[in-house]
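Please look through the structure below before reading on. The paragraphs that follow take its parts in turn.

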Amino acid sequence: MNVFITKLMSTMTLEEKLGQLNLELGEPSAAVNAGGAKSNDFSNRVKQGLVGATFGGEFASNKLSQDLAMQSRLKIPLIFGKDIIHGFKTTFPIPLAMSCSWDPDLIKESARIAATESSAEGINWVFSPMVDIARDPRWGRIAEGAGEDPYLGSLIAQAMVKGYQEDLSKPSDVMACVKHFALYGAVEGGRDYNTVDMSHIVMYNDYFPPYKAAVEAGAGSFMSSFNLVDRIPATINKWLLTDVLRHQWAFNGFVVTDFASINEVKTHGVANAGDASAMALKAGTDLDMFSGNFINTLRQALSDGRVTLNDINVACRRMLEAKYKLGLFQNPYKYFDEKRRNTDQLTTQNLNAARRFAQRSMVLLKNDNQLLPLKKSAKIAVIGPLANSKADLMGTWVATKESGNVVSIFEGIKKMASSNSVVTYAKGCNITEDPYLLKYMDGPLSANPSAGLTETKTPDELRKEALQIAANSDVIIAVMGETSGMTGEDGNRSMVNIPETQVDLLKQLLKTGKPVVLVVINGRPLDLTWENENLNAILEAWAPGIQGGNAVADVLFGNYNPSGKLTTSFPRNVGQIPIYYNHLSTGRPYIEGKERYTTSYIDVNNSPLYPFGYGLSYTDFKYSDLAVNKKELHGNEDLIVTTTITNMGKYAGEEVVQLYVQDVLASIARPVKELKCFKKIMLQPGEKKEVNFTVKTSDLMFYNSDLKYTWESGEFNIFVGTNSRDVNSVKVNWNKN
Ligand code: GLC
């Protein structure tokens, strides 16, 4: 590869090298770069070798762009990116939902399918996985990640990268782009694009691990984040992009900016676009997304010495290496096999996989008196503004406009109920009547029918219809929550509740005396305190994707016994945020029932409504006989932890057995619990299994105040249980010598 690229670069002009650092919109009709050039200049720029990559395009536009590139002097192929975040034509549950499967193999499979479908569309670079640790449900983009835990987040990051990049020489593989590097999930107030500020100890221990894991999995590219790191925008942060990413972690791919983020260096108050361009290149940024600054200012930066030709050559080489790894020099049309669009996309197999993924992403939060699973012969009223919605089941970052294939929850339930049952539907209310939220919806969300903007019936008429069908039913399935647009990028909320108008309807439905099952459609942990106190059953269905309706019906009727476990803590109210399980002890830890002067609120319990790792089943699992092979360990011995799980109920079911460790005393304060391993097991009714875990000293490692990765002798609590709260524990002493 090196010889080929060195030879190619020896023939390239400076302009052609800068062209490789320039990423533009992929739809030539809309491809207008920040410099205001018109779209037909796009064609000329590609033919002149001034564009290295495009994003957002699909088959036809990408092929057109590649044809243009083949007319350039050196015929250097383009790479084609797109936001493929949770599936492509076959849209899967949002990543936060998928993470609740606690199944890295399943998540890898989802990335594999996404790679196959997107590569069939002429796309060979996906802006995924998003691996930002998030502890703030107000942040709309918590929907895109894998929750609050660095260990689980790292496993999922690796699974996604390996799913996309099984073998880049194959036309079914795509290059991953890990984002948003770094720390984007820690935006203050949960507001996108807001300030991030934290110590290096928190970075290395809590936020960096999934990015580092993605490098170890071989990710081909990274995307720098919009936010500051140590008060320096990530896009121009040399410590972050070179010292950490390349020198400490040995990343050898390329770094692309987030959308026009070079322009934002100025709005951060750090440098104007021209200087920011040069600073970004020297910091380790290789590709400029959409801003046009690299292509328009680096020649000047070179001539006045703010960058060197070597800086440009280094970035250019990285881009050419990516194209070489993708096999594009051998065959620029490797990803343009028209037949594959019919054979590889939206296949029955992929749709069945989407249904399986959605089943396993759902979390049963409450099920009083075993109301669920439902009998298929029941008379069922399916009510709510999301009960028959299709677009809102797809969640944020839907890569395709084709919602025609989506199965709504009402459709799924109606299809699965038996012929002698009666399944009726009523919208019951709009998503919201909140004027501020409606104003927002009238803008970015106006296309969303469930937002109520296109509703012709009055709230009263909607409510009357719902109460009528409720009165004639045995059970009410209330499908409530958030529209897709209330989540994802810029979908930040100051409240994390189900909108008031929907809760009002729930209260009316309760008055009918019929049992109410709440199915929550959402993209973030929500404050379900009232719902948890008043409703009989709650199923967290997230945005379940294209097969959401069938998967929800599968769970409600017991075709699939829910096994999902939360990967984020659900707060009792928004005032508790940030709330996460792996918190520090503090000098005055809260003790249940203790009087004042401990770290607590006077108006709400410290604990989350539902803790990290929480999820019920239709059966009951009993944990017993927690034991360790030894309580005094030395050096690199292995600690073997065993426990017995018994299925006490009448349903077969899967259980995620979780093991947490606490480093009781260390040179820096350490979390009260850290997830270190888990096993997902299937148990038949009455069956019992002994589960064992091996804990190694590598599981005790952390970054100390010198940022040295190490472990320290001392006392460790080992916890095993069904979630981060309900655990059994045993103490061991572990000494280095
Ligand atoms: C957006 C997002 C990023 C996405 C990029 C391209 O602003 O921050 O996740 O990949 O722009 O769409």
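**Two domains and their contact**

The domain assignment of the chain, which is automatic or taken from a database, gives domain 1 (358–565) and domain 2 (621–735). The model is a predicted one, in which local features need pLDDT of at least 70 and side-chain atom pairs count only at pLDDT 80 or more, while totals for chains, interfaces and linings use all residues. Residues are numbered from 1 along each chain as its sequence is written, and side-chain values use heavy atoms, with hydrogens and water left out.

Taken over C-alpha atoms, the centres of domain 1 and domain 2 are 37 Å apart. Six residues from domain 1 and nine residues from domain 2 take part in the contact, a word that here means heavy atoms within 4.5 Å. Between them, domain 1 and domain 2 bury about 600 Å², of which 43% is on carbon and sulfur atoms; buried area is the accessible area (1.4 Å probe) that two parts lose on being put together, summed over both. On the side of domain 1, Asn561, Ser563 and Lys565 lose the most area to domain 2, and together they make up 69% of what that side buries.

Lys565 also takes part in a salt bridge, its side chain meeting that of Glu655 at 3.1 Å, N to O. The count between domain 1 and domain 2 is one salt bridge, defined as a side-chain nitrogen of Lys or Arg within 4 Å of a carboxyl oxygen of Asp or Glu.

**Enclosed space**
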